[in-house]
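Colleague: I would like to learn how to read aromatic ring contacts. Can we work through a case together?

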Amino acid sequence: MITQYVVNLPEGKTTPDFQSKPMPVEVKEGQLAVFKAIVTGDPKPEVSWRRTKGNILNKNKFLSKYDESTGEHILEIRKVTTEEADTYKCLAVNEFGKAVCTTTLNLTEGKSCSNNAVPDVIADFRKLLRRSKAGKKTPNGESDDKFWEAMLNADRSDYERICAEFGITDIQSIVKQLAEKKKERKQKNFTVRNLSSTNNIISLVINIPLNNYDGFSSDCIYIGLNIQYNILPLFWTSCPNAIFLPDGEIPYDEDLSEKNGFKSRRRTKDYGINGPMQKDAWQNKVDEEVNRLFSELKFAKLDFVIKIQEIKAEENDDALFECVLTHPLPKISWMGKGSELEDGEKYSITVSDHQLIHSLLIKDCTLLDKGIYSVVAGNASCSAWLVVEDRDPASTGKKTVRSGTLNGGGRIDLEKLAKEQQLKNQEEMEKILAAVKEKYKEELLKDGKILAAGSDGEISEDTGPGKNSGEIKSKSKGKKGKVKFKISGENGVHFICGLSDVSAIIHETAELTCRLSSEDCDGVWYRDGRKISPDDNFTISKDGAIHKLVIISCTEEHSGKYRFEADGRKTEAMINIKDPPRFDHEDLRVFIEPLTVKTGHNAIFKLHFVGHEPIKIQWYKEGDELQDDNNTRIEKSASHSRLLLSRCQRKDTGEIKIKLKNEHGFIEAISQLTVLDKPTPPQGPAEVTESSAMCIEFRWRPPKDDGVGRNTWKKLGEIPGVPSYRDNDVDHGRKYCYHIRAVTAEGLSDIMETDDMQAGTLAFPGPPSPPKVISAYDDCINISWDSPSNKGGSRILGYILEKRKKGSNLWTVVNALDELIKEKKYAVKDVVAGMEYEFRVTAINLSGAGENSSPSEFVFARDPKMRPKFTNHKMKSFMVVRAGNSVRITVNFEASPQPKIIWLKDNVPVTKRVTVSNSDGTSQLLIPSSERSDTGIYSILVKNLAGQETFSTEVRVTDDPKPPGSVELEENVPGTITMIWEPSPDEKRDDRLHYIVSKLDSTKRTWTTVAERLFNNKFTVCNIMLGREYNFRIYAKNDMGVSAPSESPTWGMERKKGVEDRDLRCAPTFLVPLKLHTAPKGYECYMSCAVKGDPKPRITWYRNHISLNTNTNYYISDTCGVCSMLILRVGPKDMGEYTISAENALGRAECSTVLSVRGEGGTHLQLKSEHSLWFKGTELIKPFPSLFSTQSEEMHHEAISI
């Protein structure tokens, strides 16, 4: 019973339901009872068990558990007593509903099913053996006669059961006594009197005291005797007038046979002799050999010719599973949802007469019946799905039987396949018989005479007139009986397979076939008593022992009785010529091709046919007969029929069948209609077919509605068109969950999520290497280890580390069980200073914990002496911080014993506003809110008894720069503008501050940068065009960013008219001399000056009187008299005196400066004042001495104006 708590379920959510319900259990008192249930639902339901007459709180009696591998909820009841015999309930609850299922537990007294009878008896027999150690029981008293009677009449397989019932334990001695009693009984019951053979007719005269057998009021008994493996009837009689007909038939009185309780029967498996007559020695050997070979052949080759197929049925329909075996078997096992099925009201299990066709009929299918059904025959098995769907309300409700044995649109003829298999088995049996016959030929025939012996007489031979005739006589006392029977000799011919009646269709071919036991015999064919000769209509052929008659084109006059005769034997059959309905072959070929249409389109089926009129025409869809309605139109005529399905929907997908019927028969044709639409999700649950360390292979059921037809949908991940997948990318022991979608040309289905699947069985890792001690301290021991060589087929998830004190046997876990060690090293801090420890480690993979490693060497928890060293190799030696932000410097180190840590700023201990935090191996300096005054060099000193180590970091605290002051413009050289601006207020506090100059031309709309990285307050812009207006902006820039601009006044010039040309030639003159430069190490240095001269002078740069014009390490430019040189990264090698020389035809001028590099020790010579040298030609006109002084700050100078 299912109860739903809410009216509308959310999408993807379901109420609990039982996929497999717990079955009623019957057990003996004291045994274990087990209930199993499989529950579905989303979210996952909680499952509990209850009983009607009490509770299940006693954990020693009741055990409830869940098996993740099978998904089963299990209730075990141990040592069942009468108090536990009750009705039990299984409850499954989630937030959307509840499902309840009941079952019962009953006690039984020694009762069990037939399949388990032998194991129960054997178990009881073993108990008797255990209880009888003192001695062995033997039959005695009144039970002795009953025991030996049961043993004499029982098969060998029942000996243990009978001994167990009578409490007998010494089976071997009983078997020996039984053999002697059988021998005595044989001698007492009958003797051979007479044996004769004439023309393949053998007669036996045997004395039989019939009064020894109770229940025989007549002196005539009919039994079966196996002679040369042709089972023939044998007539026991005390009357000498028993007659055997030439063809082997025996006249007898049926009333007399029924009165005596005996019936004639033909055995197909047991080739032994029925009745009280004991087998001869050779006969016994032959029978045993034949039975053994036949059993081995049957069970070795037992398989399915036709396996059970998937069935799709609606509610209340009957589902029929059928299979065909290769060898006859009286019973096979049918399984459904993990339990064996039995014949009853719900299930009907049948087997054909020849025991080759086995059937399971499931009556009145419900949704609970859907699932996998399987059949087991010997070592062979097969399975198939039963899919039960809700019945369509629009259907007629007519109950149908759904079968899975369909092939290509038509039902498979199982009987025909079974008959073909019988012929194959018969051929195999004949080969076995021939082989055994050849093996025992010398014992069967000796010197051409048949030997027989009586029980109390001598053997005498009489040779008659026949070739193989002979007579043996033996005398005995008592009442006599005589028997005569006929067997076929080696030269006799008989039919192995006779003719069968044939129903042929007019104008088609008919064929009659039979098979003889000999290939050397010819025969004659007759029709209605007249001999048939080959002509245009009849063809007679012979292929070895097979004789065949073929009628090429049947007409009505060919109907009649046909007979084949060979060597005095004959076989007959009837041929009936009929004119049933028949389809046009071309139309049928087109019709059986599946038809695919899209939703909303029309589907048309049309077939032409011929046959004897009148013909009844019927159309079916999924087994339901169609009638004319709004969407269905059927056209019928004498020669064709047409079906039109308008505006097809997805539900119209299915089997379309046309059936034609007249008085001569009927014919059917089946096609398939597929209406394309979006598929529904695949159906679960997914079934794992293979789970190993390398892969997971599983399968699922296709979508309930795949939207396009079962043979055309495909899966994601390049999965073939079958609902299964093999995943080779798995870790051994790990669980996986998969999402599956169905994809068609019409769209993508929703997701089906599988349950967790485990890759293979649990495989644990091997032991890691013994741990090694890296270092040891008073409060910490650092150890490491290597991963195990055998990882168990899956990756290592982590490790568990254990420690043990010296002298103790107790191992304790170092890390928490839920916090595995990921790396192959660990710092053990839970140690006592001065104690000695050893360690071991265990690897954990997806399957669980593996073997422990060997212990490490013992180690003391005490500090070693170690000189301090810094372990963080990525520490910064320079850092820039915005004013107001925090300054944080972290240093990692190793030292032993614990060192003393000192922080310094500019070689002075830090102030109290600086916070210093020290811990094991780490020290941190923190300034919460920095100021510009915090700029400086911070150093850490780590010192202990073994030594000391220092590290320094330069910290620069700055902020966004303030803009420069006012800007003035002046023209010193035509075509140039010299800008002079007041410095930014931050220039004195930030030696890395520099300036950027931008220009706006009146003819352009964008600002362009004309100069960068200017460390002075003056700059000359060239290429100034008359008649244009110019605006300039000056920016201050440092490590934090760029300031707001300071704008210049607008500059504009017009060409003066009426000015006379004059001679502007002049010697070179430096308008703006070089400036002294002091640059930080590693930064750029930009030198520039302005020179005037006409013609344009040649510019040469020197460092320490060595020309730099060809040195690629310096970037030199000369643009409109502005000469500049750029050094990208200033170093100690760049220090010295730099000179620029300007020379033309009218003279030469020089200008010098000195470059100093900050950060290098010592003092540097700097030029105190700049100077110029004047030449006329090559003659020095006005020299200026060079004055040098020792300076520590940068000096600013103005150019000399002349």
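Modeller: Start with two residues. W981 is buried, and Y995 is buried too. Keep in mind that this model is predicted.

Colleague: How are the rings of W981 and Y995 placed, and why is the pair called edge-to-face?

Modeller: Planes over 60 degrees apart count as edge-to-face. The planes of W981 and Y995 stand at 65 degrees, so this pair is edge-to-face. Their ring centres are 5.6 Å apart.

Colleague: Which parts of the chain does the pair link?

Modeller: Distant ones. W981 sits in strand β75 (residues 977-981). Y995 sits in strand β76 (residues 994-1001).

Colleague: Are F147 and W148 buried or exposed?

Modeller: Buried means under 20% relative accessible area. F147 has 0% relative accessibility, so F147 is buried. W148 has 7%, so W148 is buried too.

Colleague: What lies over the face of W148?

Modeller: K181 does, at 5.0 Å from the ring centre. Look also at F666: K659 lies over its face, 5.1 Å from the ring centre.

Colleague: Which residues do ring pairs link into a cluster?

Modeller: F35, W49 and Y88 are joined into a cluster by ring pairs.

Terms used. Residues are numbered from 1 along each chain as its sequence is written. This is a predicted model: local features need pLDDT of at least 70, side-chain atom pairs count only at pLDDT 80 or more; totals for chains, interfaces and linings use all residues. Side-chain values use heavy atoms; hydrogens and water are left out. Buried means under 20% relative accessible area, exposed over 50%, partly exposed in between (1.4 Å probe, protein chains only). Rings of Phe, Tyr and Trp (its six-membered ring) pair if their centres lie within 6.5 Å; planes under 30 degrees apart count as stacked, over 60 as edge-to-face and the rest as tilted. Helices (H or I, at least four residues) and strands (E, at least two) are DSSP runs, numbered from the N terminus. A charge sits over a ring if NZ of Lys or CZ of Arg is within 6 Å of the ring centre and within 35 degrees of the ring normal.
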